[in-house]
Amino acid sequence: MRFTPVLVLATLLGFAAAAPATDGAAKHDPKAAFTETDENRDGFIDRAEFVARLVEIFFHGDRDKDGLLTFAEMELVVSFPEDFRSADTSGDGKISMPEFLKARAGSFDEADADSDGMLSLEEVVVVFERKAKAP
Amino acid sequence: MTRENARRLAPLVALAFALGACAEIGRGVETAGEKIQENPKAVLGTVVGAAGGGLIAAAAGGGAGWIVAGSLLGGLAGGVVGHKLDARDKRMAEEAAARAFEHNQTGQTSTWTNPDTGNSGTVTPTKTYQLASGQYCRRYTQTINVGGEPQEASGTACRGSDGTWQIQ
C-alpha cells in the first residue's frame, strides 16, 4: 500500500495519532513512527528530526501540491486535525507550512517530560497513549 | 500569525531545513520574521537564487514538462556518465527520479535497471523543503552504475506548477 509510510509518519506527528479510517487501529504504532523519525538512529528524536518529519508529512499530505493543506487533506495524514483549526487564521480551511509547524511545535515540548531537548521512545509513547485516550 | 506573514516566513523556514539548522520549531518560526527584517537581502537572495536555478534549467532545455536528463545526470563524473547511457537508460533514470521526488519519503530509494544494457541507478530524496511561493523542493542523492562502475552525485529538484520536477 503506497501510503503506508505516510500513515506511520502521521502516527508520530499526532503524538495522538490516528490513521485514516481505512485501516483502523493498525496504523497506531508510535514505535514504528519513532524509528522512522529518528533519522540518525541515536535512539532519540531531536527538534530538527521532529521538524523534518513534520515537513515530510505536510509535503505528502498536500495531495494537490498547492503548498497548503486543506482539512480534507490533513485528515488523511494527521490525527486530530481539529488541533489545527486555530492555526487557520484566515478561516479558509487551509493552513500553510509555517502555520502547520507552529501548531505542532508544542507537541515536542509536551512530550519532552525531562526537558532535555530530546524525545525518547518512552516519552513519545506516554504522550501518544495519553492523547489517544483523551475524549 | 496571518497567512501573509506565514508565507513571508516560508523561505527562511525552508532555508533552515536546507541547512539542517532548524533547532527549534516554534521559536524558529517566531524568530524568522525578525531575521528577515535584520537581513532581508540575504533571505531574498536565497529565494531568487533558487528561482534563478529553475530559469537556467529551463533555458538549457528543461522547458515545461519533464525532468531534464542532462541536468539529472550532469552531476555524475562531470557529465561523462550521461554519454554512456542509452536513451532508455536515461528515460528510466528520469522516471525513477520523478517517482522518488513525488512519492518517496526522505531516505526512501527508487531504483531503475535496464536489462538490455545492465546499467542501473538509484534516486533518494534526502531533504524536503518549501519556498516562499509554496513550491516544494527536494534534495536528493543518486547513483548510477555504468559498466559495473558506480557513480554518485547529489542535487536539488523543485516541483513546478505543472507537476513536473526540475533539476536546479
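**Chatting about chain A**

Reply: Let's start with A:Lys65, which counts as partly exposed because it has 15 C-beta neighbours inside 10 Å. For the terms: 20 or more other C-beta atoms within 10 Å of a residue's own make it buried, 12 or fewer make it exposed, and partly exposed is in between, with C-beta atoms placed from the backbone.

Me: Okay! Where does A:Lys65 lie in chain A?

Reply: A:Lys65 lies in the loop between α3 (47-61) and β2 (69-70). Although A:Lys65 is not a glycine, it has a positive phi of about 50 degrees. This is a predicted model, where local features need pLDDT of at least 70, side-chain atom pairs count only at pLDDT 80 or more, and totals for chains, interfaces and linings use all residues. Residues are numbered from 1 along each chain as its sequence is written, while chains are lettered from A and ligands numbered from 1 in the order in which they are written.

Me: And A:Ser115, is that exposed or buried?

Reply: A:Ser115 counts as exposed, because it has 7 C-beta neighbours inside 10 Å. A:Ser115 is not a glycine, yet its phi is positive, about 50 degrees. You'll find A:Ser115 in the loop between α5 (97-111) and β4 (118-119) of chain A.

Me: New topic: how many helices and strands does chain A have?

Reply: Chain A has 6 helices and 4 strands. These are DSSP runs numbered from the N terminus: H or I, at least four residues, for helices, and E, at least two, for strands. From the N terminus on, the order is α-α-β-α-β-α-β-α-β-α.

Me: What share of chain A counts as buried?

Reply: Of its 135 residues, 47% count as buried.
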